[in-house]
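Please look over the two-chain model shown here before reading on. The notes after it are meant to be read with the structure open.

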Amino acid sequence: MTEITDKIKEKLSESGGFTGVIFTENINDPMIDVPKERLLEIIKILKDEFNFDQLRDIVSVDRFTKNERFECIYNLYSLSNKFRIFVKVKLNSKNPEVESLTPLYMSADWAEREAWDMMGIKFLNHPDLRRLYMMEEYEYHPLRKDYPLMGLPGAVTLPKK
Amino acid sequence: MSEELTKEEYINETLKNSHVSLTQERVLKALESDDVQVQFADSLDNQLVLNMGPQHPATHGVLQLVVSLDGETVAGCVPVLGYLHRGYEKLAENMTFHEFIPHTDRLDYLSPPANNVGYVLAIEKLLKIEATPRTQWIRMICCEMARIASHCVWMGTMAMDVGALTVFLWTFNEREKILDILDILTGVRFTTSYTRIGGLYLDMSDEVIAKLKKFFDDFVPKLDEARALIERNKIFINRCEGVGYISKEDAVSLGLTGPNLRAAGIPNDLRVDNPYLNYTEVDFDIPTLTESDVLARYYVRVKEMYESIKILRQCLQKLPNGPINAPIPKDVLPEKVEVYTKMEELIFDFMVINFGTAPVKGDEAYQAIESSKGELGFYAISDGKGYPYRLKIRSPSMVAISALPTMLKGTMISDVVAIIGSIDPVMGEADK
């Protein structure tokens, strides 16, 4: 399956006009670091030219660093090539925002809602960015590292007796 | 449908009736004033919003569906999740890798051994260790037993959703036999917590193998009998055929996996396409249908049970002898006998239990298995400590539920329960 990775590397090389695209590897699976401005464009190329027709999951990570605190890792799967690739995008600490993938994949809808709910990453142009698990009036994003395990007292307003 | 009525038309229409109720009289009186400007919509033109769940028995747990109805036809549907949200991803960040194994039982609570295996495989990939051959084969047996048990429950409840009550009792009987075998194998009937990182809790005894062999012979005729109850039943066929259709393109775009995707005509199965454990060494088929309706999903799952039996028979034939725990003392828990008698093992046991096994800092690993619902994946990120920095669970049930609005649009209200049953959601996994 390295041929596909090589072809992607060739396509997204600096000579092709893609600066800032870094190829890494998590254990046994290829991973691409992309700048967040070009995420939609690069994923569109992966979908149309390399047949990555399923977005299986979005992993949101809170690195808890000063700059580029948040990360989104897109789990793309190609049914025809039986191949998986990860696309990583680094986001700002203060206002984590990234373009939504809903125009390309229907599965991005709920996966992005989950990332917004749990990590507070805003997806621009998402049609329906509600919380997935927590109630809508909840103000916090529980999977962030600065959210305590026991929860915050008073975060949930209980009905009066 | 008639158009909206003006004020005068409404008064004339009402007065034509032989009986004018008290409420209508009051409305007529109010309308006499010229200040009142109203339009009366035909009540049949309105859409009704119906709330199903989260305590509805046919929604398989705490799934809430807000369904908008136009007459008897479903115009739209919004699934509401979160009633069983326990924050497992947050909990995992605050406990060692070993401590999280019992929590994986509670994800897909119909097939706990498969969840244990999936989690442990991901962590082993992160630690770059591999279990012994015997362990790999026993894990395969666990996975397939879990698949049969889960499909048995699904078959019963799905038939119950469309009105066939008896099948539920028959398939639950068979599931109970699997749970009895798991009882001997793992020590627990249901929440097994069977696997350990780099090994297993207990070895498989000859008694289990004998019981399994007897189970294979009994199960196939029993399953045939249960199928005979419904498969030639006209009511069952009529309620399932052509209902809950989802196109191939939508199924792919929605990220469906497992039996739901295979019923749409795509033979994608991680056991064959991205093999893990020893699935390359056994011979089995992937049942694939193209109709993509409730009946197709039914047949895919039923055929999968036969394939699982086929895999299990081959596993028992090929099961090698040998140790079950890999000889990697820093990551794998030593045998209990040795812990109590040898100094070094006691130290390792203490270290693994208290501080956990530490992967290399910055490593990330993703491992997915084909569970009974679809692709169950764990994405683990390490920061060099004994517990995961981040553990993301890719739950197939959540993705399947996200396909419900597409499937339900335009169907009848009575088909909603059949469609929910056919995608086999388990809320423990969908809500995490």
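What follows is a briefing on the two chains, their contact, and some local features.

This is a predicted model, in which local features need pLDDT of at least 70 and side-chain atom pairs count only at pLDDT 80 or more, while totals for chains, interfaces and linings use all residues. Residues are numbered from 1 along each chain as its sequence is written, and chains are lettered from A and ligands numbered from 1 in the order in which they are written.

**Chain A overall**

- Chain A contains three helices and seven strands, where helices (H or I, at least four residues) and strands (E, at least two) are DSSP runs numbered from the N terminus.
- Read from the N terminus, the elements of chain A follow the order α-β-β-α-β-β-β-β-α-β.
- The C-alpha trace of chain A spans about 65 × 30 × 30 Å along its principal axes.
- Of the 161 residues of chain A, 35% count as buried; a residue is buried if 20 or more other C-beta atoms lie within 10 Å of its own, exposed if 12 or fewer, and partly exposed in between, with C-beta atoms placed from the backbone.
- Among the contacts in chain A with a separation of 6 or more, 50% are accounted for by residues 24 or more positions apart, two residues being in contact if their C-beta atoms, placed from the backbone, lie within 7 Å.

**Chain B overall**

- Chain B has 19 helices and eight strands, and its C-alpha trace spans about 95 × 50 × 35 Å along its principal axes.
- Of the 432 residues of chain B, 46% count as buried, and residues 24 or more positions apart account for 70% of the contacts in chain B with a separation of 6 or more.
- The domain assignment of chain B gives domain 1 (7–46) and domain 2 (87–423), with bounds that come from an automatic or database domain assignment.
- The C-alpha centres of domain 1 of chain B and domain 2 of chain B lie 61 Å apart.

**The contact between the chains**

- The contact takes 25 residues from chain A and 33 residues from chain B.
- On the side of chain A that touches chain B, strand 3 (54–62) and helix 3 (108–119) of chain A each supply at least two residues, and the largest share, six residues, comes from strand 3 of chain A.
- By class, that side of chain A has 14 nonpolar, four polar and seven charged residues; Ala, Val, Leu, Ile, Met, Phe, Trp, Tyr, Cys and Pro count as nonpolar, Asp, Glu, Lys and Arg as charged, and the others, Gly among them, as polar.

**Helix 18 of chain B and its packing**

- Helix 6 (residues 133–161) and helix 18 (residues 416–423) of chain B pack at an angle of about 170°, with their axes 8 Å apart; axes are lines fitted to C-alpha atoms, for helices over the stretch in contact, and angles run from 0 to 180 degrees between N-to-C directions.
- That angle makes helix 6 of chain B roughly antiparallel to helix 18 of chain B, since angles under 35 degrees count as roughly parallel, over 145 as roughly antiparallel, 65 to 115 as roughly perpendicular and the rest as oblique.
- Helix 6 of chain B contributes Thr157(B), Met158(B) and Asp161(B) to this contact, and helix 18 of chain B contributes Val417(B), Ala418(B), Gly421(B) and Ser422(B).
- By class, the contact of these two helices has three nonpolar, three polar and one charged residues.
- Helix 18 of chain B is mostly covered, with eight of its eight residues buried, and Asp424(B), which follows this helix, has a positive phi near 55°.

**A sheet in chain B**

- An open sheet of three strands in chain B has the order 6-7-8 with antiparallel pairing, where two strands pair if DSSP finds at least two bridges between them.
- The edge strands, each pairing on one side only, are strand 6 (364–370) and strand 8 (390–394) of chain B, and neighbouring strands of this sheet are turned by 10° against each other on average, direction ignored.
- Strand 7 (residues 375–381) and strand 8 of chain B pair in the antiparallel sense over five bridges, and the bridge partner of Phe378(B) in strand 8 of chain B is Ile393(B).
- Helix 5 (residues 112–127) of chain B packs on the sheet and touches strand 6 and strand 7 of chain B, its direction making about 150° with that of strand 6 of chain B.

**Positive phi in two loops**

- Most residues other than glycine have a negative phi.
- Asn28(A), although not a glycine, has a positive phi of about 75°; Asn28(A) is found in the loop between strand 1 (22–26) and strand 2 (29–34) of chain A, and is exposed, with 12 other C-beta atoms within 10 Å.
- Leu277(B), also not a glycine, has a positive phi of about 50°; Leu277(B) is found in the loop between helix 12 (270–273) and helix 13 (294–318) of chain B, and counts as buried, with 20 C-beta neighbours inside 10 Å.
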